[in-house]
Amino acid sequence: MLPAHDPFAQADTHDLVLRADPLSVRSALQSITSVPPVSQLTHDQRATVELVLAEVLNNVAEHAYAEVAGHVAVTIVLVPGGMACEVVDEGGAMPGGTLPEGQLPDDALAEGGFGWHLIRTLTKDLSYRRQRGTNRLNFLIPLSDL
Amino acid sequence: MQLQTQTRPKVISVQVIEDRIDAATAIQFKERMRDITAGGTQRVVLDLARVQFLDSSGLGAIVAVKKLLGPDRVLELSGLTPTVEKVFRLTRMDSVFTIHPTLEAAVAHAASA
């Protein structure tokens, strides 16, 4: 039996391991968006990828590593229909083992709760697994006009 | 976090001279805005024309500024770049804030209010 197709096994992936803190996230985003495959996208598509990765990586920094410092690995690969992304960290598990719904807060002047709403709006095929002490998040950022 | 402030009788305008308001600068931005607006009663216009990137932390900080100004003091925005506008639209914050195309339009509107 052939192994399942793994888009991350391709050669033209971009991998990055970074410290999970806001300044490292910022510099990682700058480096991810300045090299292929993200640098080859349109301005709008690049902005979408940067926003989604910012939300995901800052969530890891803020929540998974709330108690201890640590690293997070990002892999992105251009696939038909969008950018497939995998984000892996060794921080704390998602509460309840599931991803937040991402509903906008009822309070019109809430200062938080936007992050997962943006992630859920701008991605599809979102999946989360907790395995042997690691969190593994996979998702596709659809880039419709590719 | 560089902010350029101009104080007029009825309006304080603040131009963000940074290309991003993100998780790394959101708290600093909020504190600077609190210092700039403290003690006054004018309307506040926040010009985001130079800001190319805003994440949910940056958005939360702008909402926090609106909150700390209180219900009687107006905060309006101007100059949203397409990427920033998209964040406001996707989170429906475009319905919470009055958004002007340019700083000049926002200041003229505030001065005539």
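**View 1. The buried residues of helix H1(B) in the predicted model.** In this predicted model, the residues of H1(B) that count as buried are B:Ala26, B:Phe29, B:Met33 and B:Thr37. These residues lie on the same side of H1(B), because the arc that they cover around the axis is only 60 degrees. An α-helix has 3.6 residues a turn, so residues that are three or four places apart point the same way. On the other side of H1(B), by contrast, B:Ile27 and B:Asp35 are exposed.

**View 2. The surroundings and the length of helix H1(B).** The partners against which the buried residues of H1(B) pack are, in chain B, strands E1 (3-7), E2 (11-16), E3 (20-21) and E4 (43-47), together with helix H2 (56-69). Helix H1 of chain B holds twelve residues (residues 26-37), which at 1.5 Å a residue should span 16 Å, and this agrees with the 17 Å between its end C-alpha atoms. Just after H1(B) comes B:Gly39, whose phi is positive, at about 85 degrees.

**View 3. The elements and surface of chain A.** Chain A contains three helices and five strands, and from the N terminus on its elements follow the order β-α-α-β-β-α-β-β. When contacts in chain A between residues at least 6 apart in sequence are considered, 61% of them join residues at least 24 apart.

Definitions and conventions:
Residues are numbered from 1 along each chain as its sequence is written. Chains are lettered from A and ligands numbered from 1 in the order in which they are written. This is a predicted model: local features need pLDDT of at least 70, side-chain atom pairs count only at pLDDT 80 or more; totals for chains, interfaces and linings use all residues. Side-chain values use heavy atoms; hydrogens and water are left out. Helices (H or I, at least four residues) and strands (E, at least two) are DSSP runs, numbered from the N terminus. The expected span of a helix is 1.5 Å times one less than its number of residues. Buried means under 20% relative accessible area, exposed over 50%, partly exposed in between (1.4 Å probe, protein chains only). The arc is that of the directions from the helix axis to the C-beta atoms. Contact means heavy atoms within 4.5 Å.
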